[in-house]
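Have a look at the model below before reading on. The notes after it are meant to be read with the structure open.

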Amino acid sequence: MSPVYQLMRPILDYVLPPRCPGCGNVVEADHRFCVPCWQQLDFLTGSGCARCSIPMSVQDGLTCGPCLGSPPSFDGVIAAVAYGDIARRVALRLKYGRRTGFARTIASVLAPRLQSDVALYIPVPLHRWRLWSRGFNQSHAIGTALARLHGVSCRSDILIRTRATPPLRGMNASERQRTVKSAFATTIKLQGQHIYLVDDVFTTGATADACARVLKRAGAGRVTVVCWTRVIRDD
Ligand SMILES: [Zn+2]
Ligand SMILES: [Zn+2]
C-alpha cells in the first residue's frame with residue numbers, strides 16, 4: 001500500500017467507504033461481503049465432473065453427460081460460487097458499476113483455489129466497440145486482480161474478439177455455440193503455457209469453449225476457466 005494511499009485512507013473511506021459487492025451496504029473493511037450476503041452465497045469446492053467440474057449427484061471425477069457428448073476445449077472450470085440471486089447481483093454491480101474494488105473482492109475469494117505458478121491470465125475479451133461504449137471489461141478486472149495477487153501477468157492483448165456477438169441471454173446451448181463460433185482469435189503464438197481464462201459468469205460454457213479452442217490452436221498447453229459464478233444445471 002503506497003504511503004500516499006495510507007495518508008489519504010481516512011478521507012477515501014469517508015468518500016468511498018468499502019461496500020459489500022452483493023448488496024452495496026457499507027462494510028467494515030475492504031474486499032469483504034456483509035454477513036447476510038456471505039451466508040447466502042453457495043461456495044463451490046471444485047469437485048465434480050472431471051472435465052467441467054460441475055457438481056454431480058453421482059461419484060465425483062466421472063465425466064458429465066454434456067462433456068461426454070461434446071468434450072469442451074478447456075481442461076477445467078474453477079468457479080467461486082453457484083449462480084444465484086447474490087452472485088448475479090455481484091456480477092451486475094461489477095459489470096455496470098465499474099467498481100474495480102469488487103473485482104478485488106472476487107479475486108480474494110477465488111485466489112486460494114488457484115495455483116500461484118500458472119503462467120498467464122487471459123480475460124474473455126469484449127469486442128472493441130462494446131469495450132469502447134462500456135469502458136470496462138469485468139473479466140479483465142477480475143483477471144488483473146488475480147494476477148496481481150499471484151505476481152504474474154494478465155494480458156488482454158492475446159485473445160481478441162474479431163466480431164461483435166449479440167447477448168447470449170435466452171439462447172440455448174447450441175444457439176450459443178453457433179453465435180460465438182469463430183468470434184475469437186489470438187495475436188501471438190503461445191509456448192505450451194497453462195492459461196487461466198477469466199470470465200465473470202459461466203453459463204453453458206459456449207464462450208469459454210470457443211476461447212479455449214483458439215488458445216489451444218495458438219499453442220496453449222492447458223486452459224482452465226476461472227470465473228466468479230457458474231450456472232448449475234439440474235440434471
Ligand atoms: Zn451484502
Ligand atoms: Zn462436465
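What follows covers the domains, their interface, the salt bridges and the cysteines.

## Ground rules

This is a predicted model, where local features need pLDDT of at least 70 and side-chain atom pairs count only at pLDDT 80 or more, while totals for chains, interfaces and linings use all residues. Residues are numbered from 1 along each chain as its sequence is written, chains are lettered from A and ligands numbered from 1 in the order in which they are written, and side-chain values use heavy atoms, with hydrogens and water left out.

## Two domains

The chain splits into domain 1 (1-40) and domain 2 (43-230), with bounds that come from an automatic or database domain assignment. Between the C-alpha centres of domain 1 and domain 2 there are 26 Å. Domain 1 puts 13 residues into the contact and domain 2 puts in 13 residues, where contact means heavy atoms within 4.5 Å.

## What the interface is made of

About 1100 Å² is buried between domain 1 and domain 2, with carbon and sulfur atoms giving 67% of that. Buried area here is the accessible area (1.4 Å probe) that two parts lose on being put together, summed over both. On the domain 1 side, P21, H31 and F33 lose the most area to domain 2, and together they make up 49% of what that side buries.

The side of domain 1 that touches domain 2 has 7 nonpolar, 4 polar and 2 charged residues.

## Salt bridges

How many salt bridges cross between domain 1 and domain 2? The rule finds 0 there, taking a salt bridge as a side-chain nitrogen of Lys or Arg within 4 Å of a carboxyl oxygen of Asp or Glu. The overall count comes to 6 salt bridges.

One of them joins the side chains of E28 and R32 at 3.4 Å, N to O. E28 is exposed, at 69% relative accessibility, and R32 is partly exposed at 41% (buried is under 20% relative accessible area, exposed over 50%, partly exposed in between; 1.4 Å probe, protein chains only). Another pairs D75 with K216 at 3.0 Å, N to O.

## Cysteines

The structure holds 0 disulfides, a disulfide being a pair of cysteine sulfur atoms within 2.5 Å. C227 is in none, and its nearest cysteine sulfur, that of C52, is 11 Å away. C227 is buried, with a relative accessible area of 0%. C64 also counts as buried, at 5%.

How values were computed: Ala, Val, Leu, Ile, Met, Phe, Trp, Tyr, Cys and Pro count as nonpolar, Asp, Glu, Lys and Arg as charged, and the others, Gly among them, as polar.
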